[in-house]
Amino acid sequence: MSTNIWGERFFGDYKQGLQIAITPASFKPLALTLLMVAYVLTIFWVGYYATTLLFLLALPVVLGLRRPVFIVAAAVGATAFIYALFELALRAGMPSGMLF
């Protein structure tokens with residue numbers, strides 16, 4: 001009996017069948033995966049900092065954030081911080097691409 005109560009609580013009434021709703025939000029995991037794969041594949045072609053900036057600009061848009069000033073400020077600030085940390089403070093070169 002307790003198994004049936006837990007089953008109905010988490011999975012709904014099994015007599016109605018499984019309902020799958022396809023919404024734009026259901027494509028977010030696929031979009032995030034494709035964005036991350038594209039990021040990794042383009043680092044050595046475009047360059048680490050340019051690719052990171054583009055990734056940090058695209059990521060919030062894919063996640064649904066719509067505040068352009070905040071998105072641009074956060075992406076530029078994070079990229080500048082990463083540059084200052086690795087290039088200036090640690091003197092560790094990041095991958096440079098054929099373009100940048």
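T52 sits in helix α3, where helices are DSSP runs of H or I with at least four residues, strands are runs of E with at least two, and numbering goes from the N terminus. This is a predicted model, so local features need pLDDT of at least 70 and side-chain atom pairs count only at pLDDT 80 or more, while totals for chains, interfaces and linings use all residues. Residues are numbered from 1 along each chain as its sequence is written, and side-chain values use heavy atoms, with hydrogens and water left out.

With 5% relative accessibility, T52 counts as buried; the cut-offs are under 20% relative accessible area for buried, over 50% for exposed, and partly exposed in between, using a 1.4 Å probe and protein chains only. Setting aside residues up to four places away in sequence, T52 touches Y39, T79 and I82, contact meaning heavy atoms within 4.5 Å.

## Over to T79

T79, one of the residues that T52 touches, belongs to helix α4 (residues 68-89). T79 is also buried, at 10% relative accessibility. Neighbours within four places in sequence aside, T79 is in contact with Y49, L53 and L56 as well as T52.

## How α2 packs on α3

Helix α2 (residues 28-46) and helix α3 (residues 48-63) have axes that come within 9 Å and cross at roughly 170 degrees. The axes are lines fitted to C-alpha atoms, for helices over the stretch in contact, and angles run from 0 to 180 degrees between N-to-C directions. The two helices are therefore roughly antiparallel; that label goes to angles over 145 degrees, with under 35 being roughly parallel, 65 to 115 roughly perpendicular and the rest oblique.

On the α2 side, the contact is made by K28, A31, L32, L35, M36, Y39, T42, I43 and V46, and these meet Y48, A50, T51, T52, F55, A58, L59, V62 and L63 of α3. Sorted by class, that's 14 nonpolar, three polar and one charged residues. Here Ala, Val, Leu, Ile, Met, Phe, Trp, Tyr, Cys and Pro are nonpolar, Asp, Glu, Lys and Arg are charged, and the others, Gly among them, are polar.

## A closer look at α2

The 19 residues of α2 reach 25 Å from first C-alpha to last, close to the 27 Å expected at 1.5 Å a residue, the expected span being 1.5 Å times one less than the number of residues. There's a kink of about 30 degrees centred on V40, taken as the angle between axes fitted to the seven residues ending there and the seven starting there.

Which residues of α2 are buried? They are L32, L35, Y39, I43 and V46, and what covers them includes α3.

Four helices and zero strands make up the elements of the protein, in the order α-α-α-α from the N terminus. Of its 100 residues, 17% count as buried. Among contacts with a separation of 6 or more, 59% come from residues 24 or more positions apart.

In the segment after α4 you'll find R91. R91 has a positive phi of about 55 degrees although it is not a glycine, and R91 is exposed, with a relative accessible area of 72%.
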